[in-house]
Every structure is written in C-alpha cells, then in structure tokens.
Amino acid sequence: MSQNHFTNGDSESLIRRPLLSSQRSIINSSSQVAIVGSNVSPIESLDYEVCENEFVKHDWRRSGKAQIFQFIFMKWLLCFLIGMIVCLVGFCNNLAVENLAGIKFVVTSNMMLESRFLWAFLVFFVSNLVLTLFAATITALIAPTATGSGIPEVKAYLNGVDAPGIFTIRTLIVKIIGSITAVSSSLLIGKAGPMVHTGACVAALLGQGGSKRYGLTWKWFQFFKNDRDRRDLIICGSAAGIAAAFRAPVGGVLFALEGMTSWWRSALLWRAFFTAAIVAILLRAMIDLCLSGRCGLFGKGGLIMFDAYSASVSYHLVDIPPVFILGVIGGILGSLFNLILSKVLRIYNFINEKGTIFKILLACVISIFTSCLLFGLPWLTSCRPCPPDPTEPCPTIGRSGIYKKFQCPPNHYNDLASLIFNTNDDAIRNLFSKNTDDEFEVKSVLIFFIMCFFLSIFSYGVVAPAGLFVPVIVTGASYGRIVGMLLGKNSNLNHGLYAVLGAASFLGGSMRTTVSLCVIILELTNNLLLLPLIMMVLFISKTVADAFNANIYDIIMKAKGLPYLGTHAELYTRQLTVGDVVTGPLQTFNGIEKVRNIVFILKTTGHNGFPVIDEPPISEAPVLFGIILRDHLLTLLKKKAFLSLPVASSNEVFNKFSADDFAKKGSSRVTLKIEDILLSEEELDMFIDLHPFANASPYTVVETMSLGKALALFRGLGLRHLLVVPKFSGRSPVVGILTRHDFMPEHILGLHPFLARNRGKRLRFFSTLA
C-alpha cells in the first residue's frame, strides 16, 4: 500500500527538487517556509469522507432534537463569529498600515519641505528597515508558517492536503502583526493574501472543537471535530478574508468558489454568502466611524472604493482593439511574472537554507534596495506645474494625494513621487482616478511600471507575510494607464479606466481566475459600466497566459511539493488503470484481530488506513468488510477495548467511548502515537473486534477502471483512501489502496517511464501549436 504522505524521488536533480524537502523533521513549518529553506514535517491527507460505522450510527441514534438544533445553530453562529472577527482584523489592519505609513511619509515630507533631503532619506530608510526587520524576525523565529500570502496552503488544505502548522494561534498572531509592519515598510507587497490566510486561521481555530490547553472545551464545539466541517468553515473564512481586504463580499464568495475550494455545495454557498455579508455590514459601519475623524491622524479605515466611476462611460467599436491588446499584454506579462517569480523563489531558497540569519538578512537587503529606489527614482523626473483647476490642493503636503511636492519648488509637483512616495493603496487610487489624464507623464508611469514589476517579484519571497493581489493590481494599472496615454484622444475611455482594465488583465494573466476577479474589480471601482470590457480582458489574458504556464498559486504549490490534485487529469491517466499504479505491500486486518498484530503493524508502517477483511469462520469466503483508520486503532488500544476470546463484541462496548474519543484533534492538540501506548504481554495476546469501528461502506473501484476516472472520483469526493477490488472473484477481496500519492505525476511516471517520453512529445507538439 502506498504511503499517505508525498515525497519525490532522490533521482531528481537539485534544480527540480521541490522546495519542501523530502527529509521531514519534527518542525511544523510549511507556508512560504519551503521558499525560506526550512525542513517540514510529513504532509498528510485529510479525511473529508464521512465514516459510517456502527459506533457513529449508535451515537446519532442517541441524538435528540436539541442536539440537532445545536448542530445547525452552531454552524450559523460560527459563520457569524468568523465574519465579525475577520472584519475587525481587516479594519484594524488597514488602520494600522495607514497610520504607520502615514506618520513615516509625513515626517519625511516635512523634512523635505525644509530642504533636509539627507535626513529625510535617513528617516525613510531607517523606518522601513526597522519595520521589515521586525516583521522578518517574528516570522522567522516564532511562526515561519506565516510567511507569504498563505493562499497556496489554504488552497491545498481545501484540496485535502494537511500541511502542518498553518492554522495555529501563533501563525494567526504573527500573520496579522507581520502583515501590518511589512506592508507599512514600503515593500511592494499586499495585505489581501494574508487576509485570506487570516480568515482561514480564524475559522479553523473556531471550528477545531476547543482546546484543553486554553480551557476552551465547550460541549457544543464537539460537533465540529472533523475535517469535513472544518473545511466548510475554512471556505467561509477565506471568503471573509477577501471581503474584508477589498470590501467585496460577493467577490470574496466567488473567489472562494473559483480559486480556492475543490468541492462545493449549495448549502455551503449560502453560509459563505452570510459570512461575507456580515463582513460587509460591519465594515460599512466602521468606515462611517472613521470618516467622522475618529480613527487617528491619517486613517480613514482603508478599504475605500477606488474612484473610477464615470456615469458617462461610452465606448464604441474603435475602443475594442486597444482593449484586446491590453488582454494579450496582460496574458504575456502575467505568465512572464509567474515564470520569473518561480525562479527567484528557487534562488531565495538556496540562500535561506543557510539558516535563519540569512532569511532575515535577505529581507533587510530587499528593504534597503526598495528604500533607495523609492526615494531616488523621483529625482530622475522633472517637476510639473500644478494644473489651473486641480481636483485637490496642489502640491499635496502632509497627506496622500496626486500632487506630491517632493523636491519641487512651490506650485509644482513630482508626478512619479505621487505614485512611488505613497502607500500601494494610494498609488492604485491615483492610477484609477478620473479627470487626471494630464497629470502624469508617460516616462514617469513607465519607470513606475518597471519598478513595480520587479520589486513585487523580489519582495514576495522574503520571510514575512506578503500578498500578491495589490502588487499585481498596481503593476497592471500602471501599464494600462500607459496604453491609455499612448492612445490619447483616439479613445473614448479616460486613462483611469484603462488603468482598471490593465489591472484586470494582469490579474487574469497571473492568477487565472475570471468570474471572481471580475466581480472584485467591479466592487472595488463601483463601475458597472465597464463590465463587458473587464470580462473581455480577463478572458483574453487568461487564455493567452494558459498557453505558457500555470497560475501563480499552482506554481508555488508545486514548488513546495504540496500534492495538489488539479481539476484536469493528464492525458496518460486515460491509458492506465488503477491496477497499474497500486503498489504494495498491502497491510490488512481481520475483523477480529489480535492486539499484538495491530501493534506490530502500526509500529512498522506509517499507513493511515487499513482494509478490514472477514475470513472463515466469520464468513464463507474472504470478503472486504470495510476500512479502519490509524487514529481509530490508536483510540481502541488506548481505551483497551480488548476481548479475551476472538468473538464479536456486544453493544456494551459503545459505553466505553464517546464521540470525542474518535474526533479529529485540533491543531493545538498533541497527536497520539503508538509509542505512547503501553501494553502488557497479557493484553498483547488479547483481541479487538474491529467491526463496530470500521467504515463499513468505503468507496471502492474495480482494478480495471481508468486512472483518470478514479482521479475524478477521488478529487470530487475529497477522499483519503480509495480501495481497489479485483474484477474477478477467487482472489484477495482487495487489491490495494489508492491514496493521493498514487495520483501524483512523479509516482506514475516513475512506474511507467515511457509515458514521460510520450508526454514530452505531446507537450512540445501543443506548445508549437500555441
């Protein structure tokens, strides 16, 4: 039987080796940890299948209407709590970033007004370095799993991959604090991705059933001590994260559906929508509070819609070709962005493998380089006179705005500084702004685009919470505005609307989602009239980019070695049967098994599921009864539900157990191991009746089923084990077990090398057509 964790063969070359090392250690670090060079513990699969055994049925028969009501009520209550907590976190996150970054920019600007340019640079440089150093230090030393956006890990978890340590309290706290300080340090990173991870962490912690360590063992939480219910809550948390980051509740739900989860149902859609609605309602109230001036010197609550709305938007056939070109450019640049980012992350991994100090030093080097660029590049452009009728005071002093004075004389502004010497949100707001067609020069926006493209790549891999949404938006908006400026009066669309379309095209080219991104952009800009054009650029950019490589999150998951099962199966899986990839040896148990045999197999194998087979005299011929999980066997051994004779147990055995005994432990619990169970020689010679505790209705496939068809079943149902049974009788009742590992291309192509050669020929053929 194949093992339930994923490893790559040693024969792969170093450059092809996944960033998650196959030599696992006890350190629970995943997330961007692979990219910063930490070893990780084994990656297990999750149990999304409902275990149907006699104990579960007996427990449900004892449940009354009150317990059923508790179960339904708690689901909705937890969705409400997730929405409320994620909303508060997102609101405070934005306020903190606006105030920290605001104080930094105001102090620096005041010094520049006094012509103390060197001191202004030192203040800007040191403040950025300190904030980056703090974020990198707490991330590297306290919670390495908080590194990066966290979206690849959450997406893998919802696919059935249990990457360890990604939903702990430490990860949540470091994710919030680290994201605030890292974004405030002027690194070209975003806070939307970390908000998705934050929402998933909140949902996982609420849904893990409490913790004895912190005295949170409320009886009602016992309903959610399984992977299936936690998955539903984490999907709601992911939707709430996007809703809080962009004030886009519908976009958040669609992003969770399209870009995150591998499994969906209508009831879950309704709960995710409810969670996102709670975020939107509470966020609106908090923003109204900030608009009254009660949120600090600079904070207005963030999350303000980017003002790209225009009631007079009209476009004609002549505007379609430029939009089409924008989509093509977005697809090419998006795929190039993904390619370069994957190479840079690989290089960062080589550097960070040297130790924690190198991770922190790398983050500091990127901060120093960023500060020098942000402060130095505006000096390369000339000052522009203030327009005769500006939309806001010109020059802008002491706050964010379009007309940054920087080093310019009175009544002049620096257009490049207006983009660079601001927070990322303010830069996007300036690029999206209407009635500003003459405020920026092509040279300044071009410099800004090149800087954003490469800084967003080099900043993402540092050991700090970092998202890609905002950097991709600001980069796409800059080249979109360049296209609008080049077209000039030949187009009916203003430059701000071209910036919106450019951001949409780059998002589609890099992240490859369409429906959710379309709705998020519409909710961001409050411009429904752009819907047809946004749909067009997203479709074109995704189509073009798909011809070159995968979306950025799938690339990162593959680089980390996370065994993600994609939607589309490889062509060669239709040529193979499940019998062609099942490997042994297969470990099975009898329906009534000796304790000594169970202990021996658990100690000598790392498998997590074991077929239970009835043989004579219990049955006339060997027959498959079901499957039992390793955790359930450990519980039976711990509770010592033993029999002195190999006979079936009575219903009294149920009185020794509660539903909590077989519940999936939360992230804060210590996993029970076979070495922790001490048994005497007399107990080892006793027996256990596995029938009441084995899943008597596991999913099975015949050995002649195609591998592609089995993969669709495995992924669609969220399985951990898929039993393979023989086509003809007279053989063993079970041929083997398919696990996630058996569907991985590395495993399949390792067993059948000729498929790799044929696969390469097909790829070259299709790339020629593309």
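**Group meeting: salt bridges, rings and a surface patch**

E681 lies in helix α22 (residues 681–684) and R596 in helix α20 (residues 595–604), so the pair ties together parts that are 85 residues apart in sequence. By salt bridge I mean a side-chain nitrogen of Lys or Arg within 4 Å of a carboxyl oxygen of Asp or Glu. Helices (H or I, at least four residues) and strands (E, at least two) are DSSP runs, numbered from the N terminus.

A word on the source. This is a predicted model, where local features need pLDDT of at least 70, side-chain atom pairs count only at pLDDT 80 or more, and totals for chains, interfaces and linings use all residues. Residues are numbered from 1 along each chain as its sequence is written, and side-chain values use heavy atoms, leaving out hydrogens and water.

Back to our pair. E681 is exposed, at 52% relative accessible area. R596 is partly exposed, at 31%. The cut-offs: buried is under 20% relative accessible area, exposed is over 50%, partly exposed is in between (1.4 Å probe, protein chains only).

How many salt bridges does the structure hold? The count is 17. One joins D426 to R429, with the closest N and O atoms 2.6 Å apart. These two are three residues apart in helix α13, so about one helical turn separates them. D426 is buried, at 14%, while R429 is partly exposed, at 25%. There is also a network of salt bridges linking R231, D232, R265 and R271.

R231 has another contact. It lies over the face of W263, 3.9 Å from the ring centre. The rule here: NZ of Lys or CZ of Arg within 6 Å of the ring centre and within 35 degrees of the ring normal.

Now the rings. The whole structure has 28 aromatic pairs. In F406 and F421, the ring centres are 5.3 Å apart and the planes at 75°, so this pair is edge-to-face. Rings of Phe, Tyr and Trp (its six-membered ring) pair if their centres lie within 6.5 Å; planes under 30 degrees apart are stacked, over 60 edge-to-face, the rest tilted. F406 is buried, at 8%. F421 is buried too, at 1%. Both belong to a cluster linked by ring pairs, whose members include F105 and W379. K104 has its charged end over the ring of F105, 4.9 Å from the centre.
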